[in-house]
Amino acid sequence: MHFKTSKFTFYTALFTAAALVVLFILLPLLRLITLPSWALLLKALSDKNTIVSIANSLIYSFLTAIIALFLGVPLAFLMAKGLFGRFEKLIETVIDLPLAVPHTVAGIALLFVIGRRGVIGAFFYNHFGIKFTGTGAAIITAMLFVSMPYLVDSARDGFKDVSAEFEKASFILGASEFATFWNIFIPLSKKHIESGFLLTWARAISEFGAVVILAYYPITAPVEIYDAFTQYNLSVSISVAAVLLLICLTIFLLLRMVINRDARP
Amino acid sequence: MRVLELQSVSVTRGSFSLKEINFFVNKGEILTVLGENGSGKTTLLNTIAGFIKPDSGSILINGRDIVHLPPSERGVGYVFQTLALFPHMNVAANILYGTRFHKISNVKDRLGKISSLLRISHIMDRYINTLSGGEKQKVALARTLILQPEVLLMDEPTAALSPREKSRIIDELKTVFKRLSQTVVFVTHNVSEAYRIGGRIGVMENGRILQIGNSDEIVYHPVSHSVASIFGEVNKFKVRVESCNSGMCSAELGNGMVFFLGDFKVCEKILLFIRPEDILLKTVSTKTSARNNFSGIVKDISFAGPLVRVVVESGQTFIVLISKQSFEELAIKKRKPVFLSFKLTAVHAVKLTE
């Protein structure tokens with residue numbers, strides 16, 4: 001193309017687009033926080049249901065992120081080292097599938113696994129009388145399914161960035177495979193793993209579709225908001241939503257600060 | 001005593017291969033492996049270190065075959081081209097890394113000794129990205145030497161250094177290795193570095209070690225043209241032996257006869273190498289003690305750093321290197337007649353195998 005555009009026009013156009021994106025994200029969130037009156041916010045905060053739902057969301061999502069960490073890091077390491085051989089592309093696709101599946105679909109699919117008549121759920125129900133649906137375990141299952149790819153992808157990229165010569169150096173200095181993994185790969189991929197953990201946690205907190213199908217109760221914040229929105233009135237749901245938003249923002253700002261403080265030159 | 005010995009080691013890596021590598025390194029010796037990029041030097045080191053499994057052959061350390069051992073158990077130290085210092089650890093942690101995996105009772109002693117020997121005691125708390133190229137070099141060395149490896153492998157260790165740091169580091173390395181009587185295999189593509197290290201040199205090309213010997217043997221008795229040309233441009237002539245009597249041979253070359261030492265059959269086709277700096281160039285035909293004398297015409301003159309490269313046509317094309325000073329004194333010009341002379345011993349004859 002041969003438009004005669006000056007540098008100024010070019011960058012003005014780019015910055016305009018960028019400003020639109022930032023506004024697009026910030027405007028609804030800021031509007032939501034500033035909408036409810038203090039009285040309504042306090043009322044929402046004093047409502048036991050609201051507090052419980054927010055606590056549930058935080059706890060289950062955090063547990064989800066922890067589980068994702070322990071299950072996802074080994075997988076990410078194997079993927080980064082190319083140890084799946086010719087199945088590599090297949091595994092990669094499978095890991096990222098939850099990103100493409102509508103979350104209600106994921107919820108229904110999971111129901112047929114851990115539900116009372118699901119392949120695993122039936123076994124536990126028939127032999128031990130254990131029911132998964134409607135429990136914290138079901139919430140975590142739903143959250144894990146949709147948020148796991150973030151941790152795996154991020155950790156895998158981190159491991160891939162570790163130069164092969166560091167690994168060789170570690171081996172020749174006498175370290176075992178595990179010692180090398182623990183002393184070299186984990187610390188050198190720390191940033192990637194941490195940000196993967198944060199993304200997974202954030203994704204888990206925000207999950208609604210899969211969770212609501214597997215466990216309406218114990219109630220989590222997104223379900224509580226939806227519940228209030230459909231059954232009571234907008235003002236209650238606004239208050240709960242605003243409180244949840246504030247708490248999430250605070251946590252992520254704090255965590256980002258902690259992670260950045262850790263960063264070595 | 002042979003600390004490291006390779007016996008017909010062959011390795012295949014895709015389309016590249018190491019072919020029948022045989023050599024040994026004695027206790028306290030530095031063997032330099034000299035070769036172009038892609039000649040197989042790093043593959044050779046990786047095979048000795050155990051990162052690559054050879055197809056066949058044995059690798060002995062102190063007489064024991066280590067081919068089946070993993071890298072961590074071979075008693076081999078390796079300083080990588082990139083040095084591979086761990087960026088998330090400080091200097092002390094880097095040096096001590098390997099000691100965690102070995103039973104060493106006097107770790108502190110060893111750390112003190114090695115860091116004072118390499119003069120890096122003052123940087124123990126620094127992180128790697130704050131170090132100079134030379135300091136990094138020494139930390140990588142200390143990290144390897146603290147484990148007292150039987151053999152130390154060094155892969156182009158000065159590649160990332162400035163020319164000034166380079167020559168200083170080489171001298172320091174030599175001193176350190178001597179003090180520790182450390183056995184070393186030192187890989188480089190730099191001829192002057194190989195010279196400077198001084199021990200035996202193994203010339204490598206296309207996955208083969210073509211010749212091993214001290215630098216004089218390699219410069220003056222190259223086994224082939226590729227070895228001869230490693231030390232720069234060389235005159236190469238294919239001739240037919242005319243006579244050979246008690247070690248003194250002659251052959252027709254260009255518009256004259258060339259005399260050289262050797263033991264060949266009459267009529268045998270051989271290769272002669274004459275280093276361009278070993279040929280004396282004059283503008284008048286005076287009698288010299290040199291056995292070989294040719295006359296010719298200057299065809300081309302070009303400047304090669306501090307030297308002048310003169311191409312002389314004498315039935316055969318000779319390349320001669322002379323100093324700038326003699327170039328000016330002799331007032332050499334194109335198309336002028338000149339005389340060449342060189343000693344019997346300046347001619348290196350090799351059986352034609354290529």
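Where in chain A is the place of Tyr216(A)?

A: Two points on conventions come before the details. This is a predicted model, in which local features need pLDDT of at least 70 and side-chain atom pairs count only at pLDDT 80 or more, while totals for chains, interfaces and linings use all residues. Residues are numbered from 1 along each chain as its sequence is written, chains are lettered from A and ligands numbered from 1 in the order in which they are written, and side-chain values use heavy atoms, with hydrogens and water left out.

Tyr216(A) sits in the loop that runs between α11 (209-214) and α12 (221-231) of chain A, where helices (H or I, at least four residues) and strands (E, at least two) are DSSP runs numbered from the N terminus. With a relative accessibility of 27%, Tyr216(A) counts as partly exposed, a class that falls between buried (under 20% relative accessible area) and exposed (over 50%), as computed with a 1.4 Å probe on protein chains only. Leaving aside residues up to four places away in sequence, Tyr216(A) touches Val211(A), Val223(A), Tyr226(A) and Asp227(A), contact meaning heavy atoms within 4.5 Å. With Asp227(A), the side chain of Tyr216(A) also makes a polar contact of 2.8 Å; such a contact is a pair of N or O atoms within 3.5 Å, of which, within protein, one must be able to donate a hydrogen and the other to accept it, and residues adjacent in sequence count only if both atoms are side-chain atoms. As for the separation from Lys81(A), Tyr216(A) lies 135 residues away in sequence and 40 Å away in space, C-alpha to C-alpha.

The loop between α11 and α12 of chain A also holds Pro218(A), and the peptide bond from Tyr217(A) to Pro218(A) is cis, with omega near -5 degrees. Most peptide bonds are trans, and most residues other than glycine have a negative phi.

The C-alpha atoms of chain A fill a box of roughly 70 × 65 × 40 Å along the principal axes, and 41% of the 265 residues in chain A are buried. Of the contacts in chain A with a separation of 6 or more, 75% are between residues 24 or more positions apart.

Chain A also meets chain B, through a contact that takes 18 residues from chain A and 26 residues from chain B. The two chains bury about 1,900 Å² between them, 68% of it on carbon and sulfur atoms, buried area being the accessible area (1.4 Å probe) that two parts lose on being put together, summed over both. In chain A, the residues that lose the most area to chain B are Glu165(A), Ile172(A) and Leu173(A), which together account for 37% of what that side buries.

Thr144(B) lies in helix α4 (residues 133-145) of chain B and is buried, with a relative accessible area of 5%.

Elsewhere in chain B, two residues have a positive phi without being glycine. Arg119(B), in the loop between α3 (107-117) and α4 of chain B, has a phi near 55 degrees and is exposed, with a relative accessible area of 56%. Ser246(B), in the loop between β11 (235-245) and β12 (248-253) of chain B, has a phi of about 40 degrees and is exposed as well, with a relative accessible area of 82%.
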